Amino acid sequence: MNNTNHRLSIENIEDAIKIINPIFLNSPQFECKSLNETLGLNLIIKNEIENPVKCFKARGSEVFISKAKSGSYIICASAGNFGQAMAYSAKKKDINLTVYASHNANAVKIKKMKSLRANVILYGNDFDEAKVEAKRKAQEIKARFIEDSLDIESLEGAGTIGIELLKYPKKIDTVLVALGNGALLNGIARVFKHYNPEIKIIAVQAKGAPAMVNSWKTNTLIKHEKSETIADGVNVRIPIPQALKDMKGMVDDAILVEDESIIKGMKLLFKHLNLEVEPSAAVGIAAILENKSAFKNQNVATVICGGNITKEQKDKWLK
């Protein structure tokens, strides 16, 4: 399949590899025998937390900042990980970055953003409220607003994960990808559907925050007044219409998972791999736990997309 009409260019994804700091590239991808035996399949882990910001987002932020002028002023909104990544990349070019996050955002992520010299403004009760205010402020002061999953650079960065996964020596049947605003899913899906369209791409979101999945399944923009899940990275109430368009023809299925299953997935990753992951990183494992027969004996890949977890969360969920 060669969908040249898609807004995400394969050539630009390949070019992104040359731009991104190598510290964020070629993340570990491997199998764990004991975990595979527990799950009843061959699980290929793509570990995106062994880097300075402990998540995949810097792949995109490196592309953004490569195009920005030193000393420029940028505003973005983040549940936490995107803001950290933008702060890390912006620091090297002395870019004035303001990140809007909610009052309920992960404290570890907020602390990291501040330590990287980002100006952090807490607003609203969730990510979507913070994003609306960030957009308003950027328009008011005529600053550039960068929107993760809408601006193409975030997809180009995420697409490099797909390029790396395609090089795995074993045939992959299915890829389970966390779905928040859509950059990770759409970047990876674009690569796989271009080079190997037979591989199934399945989006995974928390049942307590189903707006993206329900919108995609019904081909209708569905917004929610509130959502509730422990997985802040996939907690989206207001879908980005363009992200839903990006999913068309690229995504084969979507699964909603319970928070209880996410916690079980986190525990399994800690027990078998000693990985302390945030909830969004375990949604792929949760999807397997809730649908074991559907994936039995398959070669399934999933991306461990973030590892920024507080001590309180570790004590509550991993012990």
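Student: What is the volume of the largest pocket, and what makes a space a pocket rather than a cavity?
Tutor: The largest pocket in this predicted model has a volume of about 480 Å³, taken as the space filled by probe spheres set on grid points joined across faces, edges and corners. On a 1 Å grid over the protein atoms alone, a pocket is an open set of points with protein on both sides within 12 Å along at least five of seven lines, whereas in a cavity a 1.4 Å probe fits but cannot get out.

Student: Which residues line the largest pocket?
Tutor: There are 20 lining residues (an atom within 4 Å of a point), and Asn-104, Asn-125, Thr-229, Asp-232 and Asn-235 lie nearest the centre of the largest pocket. Helix 14 (residues 311-317) gives the largest share of this lining, three residues. Helices (H or I, at least four residues) and strands (E, at least two) are DSSP runs, numbered from the N terminus.

Student: What is the make-up of this pocket lining by class?
Tutor: Nine polar, six nonpolar and five charged residues line the largest pocket. Asp, Glu, Lys and Arg count as charged; Ala, Val, Leu, Ile, Met, Phe, Trp, Tyr, Cys and Pro as nonpolar; the others, Gly among them, as polar.

Student: How many cavities of 30 Å³ or more does the structure hold?
Tutor: Two. The largest cavity has a volume of about 390 Å³. Its lining has 31 residues, with Lys-57, Asp-148, Gly-180, Asn-181 and Gly-233 closest to the centre. Helix 4, helix 6 (127-141) and helix 8 (183-195) each give two or more residues to this lining, and helix 8 gives the most, with three. By class, the lining of the largest cavity has 14 nonpolar, ten polar and seven charged residues.

Student: Which residues line the second largest cavity?
Tutor: Among them are Phe-56, Lys-57, Arg-59, Phe-82 and Asp-148. The second largest cavity holds about 40 Å³ of space. Helix 3 (58-66) supplies the largest share of its lining, three residues.

Student: Why are strand 1 and strand 9 called edge strands?
Tutor: Two strands pair if DSSP finds at least two bridges between them. The open sheet of six strands has the order 1-2-10-7-8-9, with mixed pairing. Strand 1 (29-30) and strand 9 (253-257) each have a single partner strand, so one side of each is left without a neighbour in the sheet.

Student: What makes strand 8 and strand 9 a pair?
Tutor: Strand 8 (residues 200-206) and strand 9 are joined by five bridges in the parallel sense, against the required at least two. Ala-206 stands opposite Val-257 in strand 9.

Student: What is the strand order in the open sheet of four strands?
Tutor: The order is 5-4-3-6, with parallel pairing. Strand 5 (119-122) and strand 6 (144-146) stand at its edges, each with a single partner strand. Strand 3 (residues 73-77) pairs with strand 6 over three bridges, and Cys-76 stands opposite Ile-146 in strand 6.

Student: How many aromatic pairs are there, and what kind is formed by Phe-24 and Tyr-88?
Tutor: The count is two. Rings of Phe, Tyr and Trp (its six-membered ring) pair if their centres lie within 6.5 Å; planes under 30 degrees apart count as stacked, over 60 as edge-to-face and the rest as tilted. Phe-24 and Tyr-88 lie 5.4 Å apart centre to centre, with 90° between the planes, so the pair is edge-to-face. Phe-24 is in the loop between helix 1 (10-19) and strand 1, while Tyr-88 is in helix 4 (residues 81-91), 64 residues apart.

Student: What rules apply to numbering and confidence?
Tutor: Residues are numbered from 1 along each chain as its sequence is written, and side-chain values use heavy atoms, with hydrogens and water left out. Local features need pLDDT of at least 70 and side-chain atom pairs count only at pLDDT 80 or more, while totals for chains, interfaces and linings use all residues.
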